[in-house]
Amino acid sequence: MFTGDNTNRYPIIQKITKDVIAGEWDAVESALREYSHPKLVLCYVLIPSRLEKLLYLIYKQEYLEFISRNENQKGLHFLFKYIKPLESVCESLHPGEFKELCYLLSLKVPLSPSLRPPERS
């Protein structure tokens, strides 16, 4: 009987799941890249097209965490360094989502010191 739970069959899924829950993004990416090597592809999750989709979803989550912590500068850097190269994957999964991710940066943009009104005494 198929239960849909592959964590016992694929230890890599256990590791990635644990790291995602803990927010250990570097460990997640490292594990995915290590196990996606052409000679080591052992499960359907890690074939190249699915790896790109999985990486995109992981990068999107990490980006959203930057935005939720108001770390917009880090978020901007992350968006263009990691998510922009996967824009076609993003658009194939959810058309228009890349623009929405960019828009999130404009929602909570703090004013730079030069644009703030002078303080009154």
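Is Tyr-59 buried or exposed? Tyr-59 is buried, at 4% relative accessible area, where buried means under 20%, exposed over 50% and partly exposed in between, using a 1.4 Å probe and protein chains only. Here are some notes to read alongside the structure.

1. **What you're looking at.** This is a predicted model, so local features need pLDDT of at least 70 and side-chain atom pairs count only at pLDDT 80 or more, while totals for chains, interfaces and linings use all residues. Residues are numbered from 1 along each chain as its sequence is written, and side-chain values use heavy atoms, with hydrogens and water left out.

2. **The overall fold.** The chain has 6 helices and 0 strands, and its pattern along the sequence reads α-α-α-α-α-α. Helices here are DSSP runs of H or I with at least four residues, strands are E runs of at least two, and both are numbered from the N terminus. Buried residues account for 30% of the chain's 121 residues. The accessible surface is about 8,700 Å², and 57% of that belongs to carbon and sulfur atoms; these areas come from the Shrake-Rupley method with a 1.4 Å probe, and for residues only the protein chains shown count as cover.

3. **Contacts along the chain.** A contact means heavy atoms within 4.5 Å. Take the contacts with a separation of 6 or more: 48% of them are between residues 24 or more positions apart.

4. **The core.** A nonpolar core is a set of buried Ala, Val, Leu, Ile, Met, Phe, Trp, Tyr and Cys residues joined through side-chain atoms within 4.5 Å. In soluble globular proteins, nonpolar side chains tend to be buried together. The largest core here has 25 residues, and Leu-32, Tyr-56, Tyr-63, Leu-79 and Ile-83 touch the most other members. The elements giving two or more residues to this core are helix 1 (11-22), helix 2 (25-35), helix 3 (48-68), helix 4 (72-83), helix 5 (87-93) and helix 6 (97-107). Helix 3 provides the largest share, with 8 residues. Have a look at Leu-79 too: leaving aside residues up to four places away in sequence, Leu-79 touches Tyr-63, Lys-84, Phe-98, Leu-101, Cys-102 and Leu-105.

5. **The aromatic rings.** Rings of Phe, Tyr and Trp (its six-membered ring) pair if their centres lie within 6.5 Å; planes under 30 degrees apart are stacked, over 60 edge-to-face, and the rest tilted. The whole structure has 4 such pairs. One of them is Tyr-59 with Phe-78, edge-to-face at 5.8 Å centre to centre and 85° between the planes. This pair links distant parts of the chain, with Tyr-59 in helix 3 and Phe-78 in helix 4, 19 residues apart. Phe-78 is buried at 6% relative accessibility. Phe-78 also pairs with Tyr-82, this time tilted, at 4.6 Å and 35°. Phe-78 and Tyr-82 are separated by about one helical turn because they are 4 residues apart in helix 4. Tyr-82 is partly exposed, at 26%. Ring pairs link Tyr-59, Phe-66, Phe-78 and Tyr-82 into a cluster.

6. **The cysteines.** Why don't Cys-90 and Cys-102 form a bond? The sulfur of Cys-90 has its closest cysteine sulfur in Cys-102, 8.8 Å away, so it is too far for a bond. A disulfide is a pair of cysteine sulfur atoms within 2.5 Å, and a search of the whole structure finds 0 of them. Cys-90 is buried at 0% relative accessible area, whereas Cys-102 is partly exposed at 25%.

7. **The charged pairs.** A salt bridge is a side-chain nitrogen of Lys or Arg within 4 Å of a carboxyl oxygen of Asp or Glu, and there are 6 in the whole structure. Asp-19 and Lys-15 make one, at 2.9 Å from N to O. Both lie in helix 1, 4 residues apart, about one turn of the helix. Asp-19 is buried at 6%, but Lys-15 is partly exposed at 35%. Glu-87 and Lys-84 form another, with the closest N and O atoms 2.5 Å apart.

8. **Around the loop between helix 3 and helix 4.** Asn-70 is found in this loop. Its phi is near 60°, a positive value in a residue other than glycine, and Asn-70 is partly exposed at 49%. Arg-69 forms a salt bridge with Glu-71, at 3.3 Å between the closest N and O atoms. Glu-65, Arg-69, Glu-71 and Lys-74 are linked in a network of salt bridges.
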